[in-house]
Amino acid sequence: MEQVSADTLKQAGKVIAVHIAYRSRAEQRGRTPALPSYFLKATSSLSLSEAGVERPAGCELLAFEGEIALVIGTAGRRISPEAAWSHVQHITAANDLGVYDLKYADKGSNVRSKSGDGFTPLGPGLIPAATVDPAGLRIRTWLNGALVQDDSSTDLLFPFSQIVADLSQLMTLEPGDVILTGTPAGSSVAVPGDVMEVEVDEPASGLSTGRLRTSVVQGRTPMAVYGNGPRSTNADRIDAWGSPEAAGLPPRGLSEDLRRKLTSVGTATLSSQLRRRGLNNVSIDGLASTRPGVRIAGPARTLRFVPNREDLFTGHGGGYNAQKRIINSLHDGEVLVMEARGDPSAGTLGDVLALRAQVLGAAAVVTDGGIRDSVEVAALDLPVFHAGAHPAVLGRRHIPWDTDMTISCGGATVQPGDIIVGDADGLLVIPPSCAEEVADAAIAQEHEETFIAEMVAQGHSVEGLFPMDEQWRARFTEWAAGRPQVSPRPNPGPGSPAEGADAP
């Protein structure tokens, strides 16, 4: 079998990489693209097996991504999908390395984060494309001998033929060009001393590239002050490592303790605490819940519908559209919030997709549009907050357009990761940065209101009591000393009444 050589690397005029291409990776990241998107890597990033790679000084997040690489053999422009595979000469293994510490400076281009010297090792063997089934290839990656990625080209969102044809629409693909076709789930971080191995094979024929072996060494030369230096956030660490747990961070979403706190108090109390912090425009208005007795709290995932236009609905509304993709990628405890411009004259959710959200463990679905199959949706354990019932299908008024972006719902701005809290009184959007503080203050407020309610029940006037003056504050302190503050109550289960904000 022919091997990747220095001449192979020299022939590469372009290195093109696909962002998200495997279903497993899309589900892990919580976003599934409708069509492929790409970025370029410098040809100087190409290297051979065993060459090694340097983690730049000051960087902590050197991530590996095992990939199937296509090497173009025949030039082409505007290649049809049917003819695309004939333009591919070889298949080989690749490791699409990058440092997440510099992604912020790239503004989406990946120029600095992905194009370091040695950041695209290829090899060691070249499998003739004509000898394999493009749908029968396997990609595996090992880190220090442990298998961490194992997937096949049958799991691709976009087949190789679509990728080649799409790229050739605007640029001529030339002999030697390398296309990195995306990585499956399991990508993570490598540190100095680690050894990564990537292999592409076709199990049916036994053909294999052999293992592409790359070791990591630590760079010693600091980044110059005249350019952007390394910088990373916890969000970068989660993306690079693949999960909060792998990055040594708390689990994604709410901790169980915070969720209990937020669902132990009413939204009326939480709203007053948010107002005290200058947050008045954080209520999602005009919606009713299918399960008004259930309190919910969870991090937001977002979906935006745009007004229907028939020519656009054809490409965005049918099939595995944005609505179905985000529902299919919900994680346990998340709240899906949908922007439908307050238009309830068509359904934005039906019983099947609501059931799918429930099965995946979603805490709730929120839409400022209508729902269909309202009786069946209301029978589910999943609370759905909506603007009304309507028999019409989505396409009458809406096109599912994009996901996981800042949206407007019921007059409130909602960003992915905002905490949505809801009960019979309504819905609130709580910024994660103050959620713990607001929850603790709301619990303390309800403790005070329990005392006030008892005093009123005993016949006392609300004058000086609500709010409490110094005299009543002293009596409250005495009362509280003999009655410990109530710990957070569990979230009422399906069918259980939610306590009001003034309840003990």
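Lys and Arg count here as positive and Asp and Glu as negative, while His and the chain ends are not counted; the place of a charge is taken as NZ of Lys, CZ of Arg, CG of Asp or CD of Glu. This is a predicted model, in which local features need pLDDT of at least 70 and side-chain atom pairs count only at pLDDT 80 or more, whereas totals for chains, interfaces and linings use all residues. Residues are numbered from 1 along each chain as its sequence is written, and side-chain values use heavy atoms, with hydrogens and water left out.

Begin with the whole protein chain. Its C-alpha trace spans about 95 × 55 × 40 Å along the principal axes. Of its 504 residues, 52% are buried (under 20% relative accessible area, 1.4 Å probe, protein chains only).

Next, select the charged side chains. The protein chain carries 44 positive and 60 negative ones, and the centres of the two sets lie 3 Å apart.

Then colour by secondary structure. The chain contains 15 helices and 27 strands, taken as DSSP runs (H or I, at least four residues, for helices; E, at least two, for strands) and numbered from the N terminus.

Now select β5, residues 62-64. This strand belongs to an open, antiparallel sheet of three strands in the order β8-β5-β13, where pairing requires at least two DSSP bridges between two strands. β8 (98-99) and β13 (188-189) stand at the edges with a single partner strand each, so one side of each has no neighbour in the sheet. Two bridges join β5 to β13.

Conventions
Buried < 20%, exposed > 50% of the residue type's maximum accessible area, 1.4 Å probe, protein only.
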